[in-house]
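Trainee: I'd like a close look at one part of this structure. Please give me the surroundings as well.

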Amino acid sequence: KERLVSIISHDIVTPLRFIARVARSIGGRKDAPELEANLRDIALSSDKLHANARNLLSWIKHQEGRIELRAMHVALNPLVEEALDLMRSLASSKGDTLVNDVPLDDVLRTDRDVVLIIVQNLVSNAVNYSRNGEVRVRGKQEDGHYELCGCDTGPGMSPKALAHVRDILSGRRGRRGTEHGDPEMQGLGYVIIGELTALLNGTVEVGERPGGGTLVSIRLPLQGPSGA
């Protein structure tokens, strides 16, 4: 298992990030539109594979119990901005706008690294299924909890995909199966979100955004996870 983690970290994640960077750096060939389109597809595919590899690595570490919670007071607006920055290149290539709507003075006692992984997956899922739209992260304190909400203006999930994601978040993943070739049914990001949120003693809800799109709400305790 240690070897698997090493392979994912050094032999998969890093090369995929390099491929995406190179494809973008040599793009912009107005004299060769077909080449430009191919390079854009390579960059987008590499970004998605890179995100999935990072998700897999995070999930393995959690399964092995290697994530040791370290609670501290975390300024949430800069944390969300960091997560958005990691996705800005991909979002820009798809015509999406990323918006950080978390109040500047909001602070939560929690594990910063774990929350960052959760928000990264939240934003990654939204960007993957949006085009020429908006992905927004909001935050508010409510009833002894802090609620982080991610919403997008994409097409939203089909009823089957939404049921599948809710199965994942409730620990019943796999019961309904997946549809091969349907990207909407690929739930690794939600596995990460669900399990790491539970690790922080929080809850996740997924539904439709009023007016279209998907809304994901993550509720975390204000005083931090127990045992941290």
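How many residues does helix α4 have, and how far does it reach from its first C-alpha to its last?

Mentor: Helix α4 runs over residues 112–128, 17 residues in total. From first C-alpha to last it reaches 24 Å, close to the 24 Å expected at 1.5 Å a residue. The expected span is 1.5 Å times one less than the number of residues. Helices here are DSSP runs of H or I with at least four residues, strands are E runs with at least two, and numbering starts at the N terminus.

Before going on, note the ground rules. This is a predicted model, where local features need pLDDT of at least 70, side-chain atom pairs count only at pLDDT 80 or more, and totals for chains, interfaces and linings use all residues. Residues are numbered from 1 along each chain as its sequence is written, while side-chain values use heavy atoms, with hydrogens and water left out.

Back to α4. The helix is mostly covered, with 14 of its 17 residues buried. Buried means under 20% relative accessible area, exposed means over 50%, and partly exposed lies in between (1.4 Å probe, protein chains only). The N-terminal end of α4 is capped by D111. A side-chain oxygen of D111 lies 3.1 Å from the backbone nitrogen of D113. For scale, a polar contact is a pair of N or O atoms within 3.5 Å; within protein, one must be able to donate a hydrogen and the other to accept it, and residues adjacent in sequence count only if both atoms are side-chain atoms.

Inside the helix, look at S124. S124 counts as buried because its relative accessibility is 6%. Leaving aside neighbours within four places in sequence, S124 is in contact with A51 and M87. Contact means heavy atoms within 4.5 Å.

Now leave the helix. N132 sits in the loop between α4 and β4 (134–142). N132 is not a glycine, yet has a positive phi of about 55°. N132 is exposed, at a relative accessible area of 63%.

N201 counts as partly exposed, because its relative accessibility is 39%.

Another buried serine is worth a look. S46 lies in helix α2 (residues 33–63). S46 counts as buried at 6% relative accessibility. Beyond its neighbours within four places in sequence, S46 is in contact with L16, I19 and A20. R21 is 25 residues from S46 in sequence, but the two C-alphas are 9.1 Å apart in space. F18 is 28 residues from S46 in sequence, and 8.8 Å away from C-alpha to C-alpha. F18 belongs to helix α1. F18 is exposed, with a relative accessible area of 52%.

Treat α1 with some care. Mean confidence is lowest there: helix α1 (residues 2–25) has a mean pLDDT of 67, whereas strand β2 (residues 97–101) is highest at 96. pLDDT is the predictor's confidence in each residue, from 0 to 100. Over residues 175–186 the pLDDT is below 50, and this stretch has 21 contacts in the model beyond near neighbours in sequence. The protein as a whole averages 80, and 76% of its residues score at least 70.

Next, the cysteines. The search of the whole structure finds zero disulfides. A disulfide is a pair of cysteine sulfur atoms within 2.5 Å. C149 is in no disulfide, and its nearest cysteine sulfur, in C151, is 7.6 Å away. That distance is too far for a bond. C149 is buried, with a relative accessible area of 7%. C151 counts as buried too, at 6% relative accessibility.

The protein has six helices and seven strands. Along the sequence they follow the pattern α-α-β-α-β-β-α-β-β-α-α-β-β. Of the 228 residues, 45% count as buried. Among contacts between residues at least 6 apart in sequence, 71% join residues at least 24 apart. The accessible surface comes to about 11900 Å², and 51% of it belongs to carbon and sulfur atoms. Accessible areas come from the Shrake-Rupley method with a 1.4 Å probe, and for residues only the protein chains shown count as cover.
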